[in-house]
Structures are given as C-alpha cells and as structure tokens.
Amino acid sequence: SWEDLMARGRAALDEPGGLERFEETWSRAKPDDPVTLIYTSGTTGPPKGVVITHRNVLWTAESLVRVAPHLPDGLRAVSYLPLAHIAERVASLYLAIRKAAHVHMAPDILRFIEVVEEVRPEVFFGVPRVWEKVQAGVMAALAEEPNERKRRIALQAIEAGRRAVRLEQAGKPVPAGLRAKRALFDRLVFSKIRHKLGLDRCVLAATAAAPISIDTLEFFAAIGIVLHEIYGMTEDTGPATSNRPGAVRLGTVGVPLPGVEVRLAEDGEVLVRGGVVSPGYYRDPEKTAETFDAEGWLHTGDVGAFDERGHLRIVDRKKELLITAGGKNVSPANLESLLKRHPLVGQACVVGDRRPYVAALVVLDGEVAPGWARERGIAFSSLSELAVDHRVREEVQRAVDDANQHVSQAEAVKRFAILPTEWTVDSEELTPTLKLKRRVVHEKYADEIDRLYA
C-alpha cells in the first residue's frame, strides 16, 4: 500500500547513512541513461521498444514550457489515456512534474468526461477520436433540445463562430457585426457549452496521435476552445512540432519545438533531429539503423509539406499510401477524415491497394446513430440492425458523396460496406489511443473487403 511504501522510505532514510545513500543513488543517473522503455502501438508492424533517456524527457518538457509559457504552475490536469502511451507519459508525468501539476486519474478512457466535468482542468489533451466524440455529443444534445428556439439559436451561434474562424484563418478581418454576434453568442451559448464539458477554465487544449478533420478543428475554435495540433511519435518523446498559442493554423501541426529541427527528404518524408530524439530501439540494432541515420535524423515514415508560413502539414503515413491498380497514389487517412465529418460515421477504413478502385469499410457511431434513428422513426434493437437499414445506408452514401467532392475521381470511394459492430480497443481494431490498426482490419474483414470488389 501507499502507507507501507512511505513507511519503508522513512525507515531507509533513518538508517545510518540513509540520506547519503539516497543522494548517491539518484546522482548516479546520467543524461543519456534510459529513464523508460515505451513500446510502439503496432499500427504499422510488430511493436518496438523505444529507449527514452533523461535528456529526452527534460528536453521535451523544457521545449513545451517555452512554447506555452502562460501555463500556470500547480495546474490541474486529467489523465485518462494508457500510461504506456508517450503522449500520456509526457502530459501526466514529465510535464506534470515540471509544472508541479495536480493530475486526476480517470478510471478508464470511456469515463474521462465525468472526471473533466469535476476537475475543470487548465490543460486538456485529447486524441482526435476523443474530440470527434465530444463534438458528436454536443451536436446530438442540440438535436434533442426540446425548445426549438434554443436549438435554433445554438446552431446559428456555431455557424457564426465558424464563419469568424474561417475569416481569421484566411487572414481576413472579421466584420464588426460578426464580431459583436460572436461576443454575444460566447456569453449566451458557448460559455454554457464549455462549462457543460468541464473545459471553461482550460487555457490550453491540444490534440495529436492521428489525423483530425478541419470540421472538428473549426467546431471547437468556433465555441472558444482552440485545439493546438501537435505532431510527433514515441521515437521523438512525443512532440516534435506544435501550433503556438495565438498563432494556430488549423489543419497543420505547427512549427518545430524549440531545440528541434524538422526537414523533408526528397520523397517528402518528415525528418526530425534534436534532443527529443531517442537513441534507438531496445536490443534491435537493425531497426535502429533503418530509422535513425548517422547524422542524427529520425526518419518518421510520415509524408509532410510546409505551407507558406512554415507550418507543417502531415499528408499521410509513407507506408500507408494506397497505390491502385491504375497506379494512382491515394491517402487513406485523408479520405477517412473526410468520411468521419458526418456524425453518423464513427470509424472508417479506406482500402484499395493494388485494387481497381478505392472502397471503404464504415462503422456507425454507437452514440450518435441511435438518436439519429429515433428522430426519423426508425425502429431498431441493435446497431447491427441499423447497419442494414436502407435509410442508414442512404445517409452514409451522402457522407461518401460529400467526401468524394474533395478528391479527384481516381481517389473517390466507389463502394462501401457498413459493418454491424463498433470498433474498440477490446475488439482490437483500435489502439489504446483509438488509432486505427489497419493490419488488423485488413485481416479481420478480408472477406468483406473482397466482396467490395466482387
């Protein structure tokens, strides 16, 4: 127990020379000694043990503090992702120690909202799927609002907020009338939404670990919660780039952290160098040599591009780009993000590598779909029944059509299948941070994929 641990510590210090032994033990650690070993999630192959050193941890924490100097010491935070994940380690351990934070632990990932509502954290990190589900929850609650006037005002407020955000992102002035509307809506609508979510005191909201749609980024910016998108991986101790407070470019992952270099290889692969980069993989010199070159550059496996302001945008995983039978390179992550803009689509996996056309597996959102069906008088007893309902299929077809408007004809989704169950961590299609395990999906649903090309 905690009491036993404390008692053992006191007894050890009380022994003759106890304090001297403690001082000698901790001071034995050197900057390049390992502080932890974190295994990758296995989305692109067998998990690999990444060695993280004391230097990596301290460098990362100091870089983040310099990016967000307004973060108060003693801040409140919520931990709900697995501590086996580098993002949660950085947020809830390393940065928390650096800022003397009070970290409140959620019992599991599905109950994080309860804890956030109670704690009202100053900082909150959410993987894209978490923010998407919060957005879907807000919109579902508005759809079920019995007072039509309140519902109409809230929807008008969100649309006005979106218009203002789009103008700001384009570098254009927001008209005085829209500014006034926004301020009024912030007081009447947005402040209440933020309070309901438990994010009314949040001074820094962040997202990372997977692609997030512009629609979701715009939604939260519209209601006064600007998401700071971060990019990185276990091999660079979590963050390598970040949008800066007051200079967020939606749809980009920002600029390199202080003390970090980022450049693009000839094929567009993102390369990272600096004190955040791990020395390599545990007992795996071959994989280490493949990933970390002699000049200290980490080869991330991600394809990126810089915009005119020097902000990095991640295009796709280098190894996940589909090449159709016609030789067309397709970004599955981009299409999946477009499909998930529709609230009915909980998850999507785009397929088509070496196939004649692009197709998709679609999973309904288990929280949104029941309310959507009830509004339309659709009788059902399970998600699997909804998956085969023709009205649901017609609505998903609309989501596919909307997504296809944003890509070329060769990249467009030609066929899709709606699967009868949700994808979860327990069913193994998702990682603990809700990222898609493509290898698992391709193996588990091989027959369904083959039928899309029958």
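Tutor: Keep in mind that this is a predicted model.

Student: Why is Val 51 called buried?

Tutor: Buried means under 20% relative accessible area. Val 51 has a relative accessible area of 14%, so Val 51 is buried. Val 51 lies in strand 2, residues 49-53.

Student: What does Val 51 touch, leaving out residues up to four places away in sequence?

Tutor: Its partners include Pro 34, Thr 36, Leu 37 and Asn 56, and also Ser 278, Pro 279, Gly 280, Tyr 281 and Tyr 282. Pro 34 is 17 residues from Val 51 in sequence, and their C-alpha atoms are 6.2 Å apart.

Student: Which residues have the most contacts inside the largest nonpolar core?

Tutor: They are Leu 361 and Trp 423, in a core of 61 residues. A second, separate core has 30 residues, among them Trp 372, Ala 399, Ala 403 and Val 407.

Student: What makes Lys 133 a lining residue of the second largest pocket?

Tutor: A lining residue has an atom within 4 Å of a pocket point. Lys 133 is one of the 48 residues that line this pocket, and is among the closest to its centre, along with Ile 113, Val 134, Gly 137 and Glu 367. The pocket holds about 1400 Å³ of space.

Student: Which helix gives the most to that lining?

Tutor: Helix 6, with eight residues. By class, the lining has 27 nonpolar, six polar and 15 charged residues.

Note on methods. Residues numbered from 1 in each chain as written. Predicted model: local features only at pLDDT ≥ 70, side-chain atom pairs only at ≥ 80, totals over all residues. Heavy atoms only, no water. Core = buried A, V, L, I, M, F, W, Y, C linked by side-chain atoms within 4.5 Å. Buried < 20%, exposed > 50% of the residue type's maximum accessible area, 1.4 Å probe, protein only. 1 Å grid on protein atoms, 1.4 Å probe; cavity = no way out; pocket = protein on both sides within 12 Å on 5 of 7 lines; lining within 4 Å. Points joined across faces, edges and corners; volume = space filled by probe spheres on them. Helix = DSSP H or I, 4+ residues; strand = E, 2+ residues; numbered from the N terminus. Nonpolar A, V, L, I, M, F, W, Y, C, P; charged D, E, K, R; others polar. Contact = heavy atoms within 4.5 Å.
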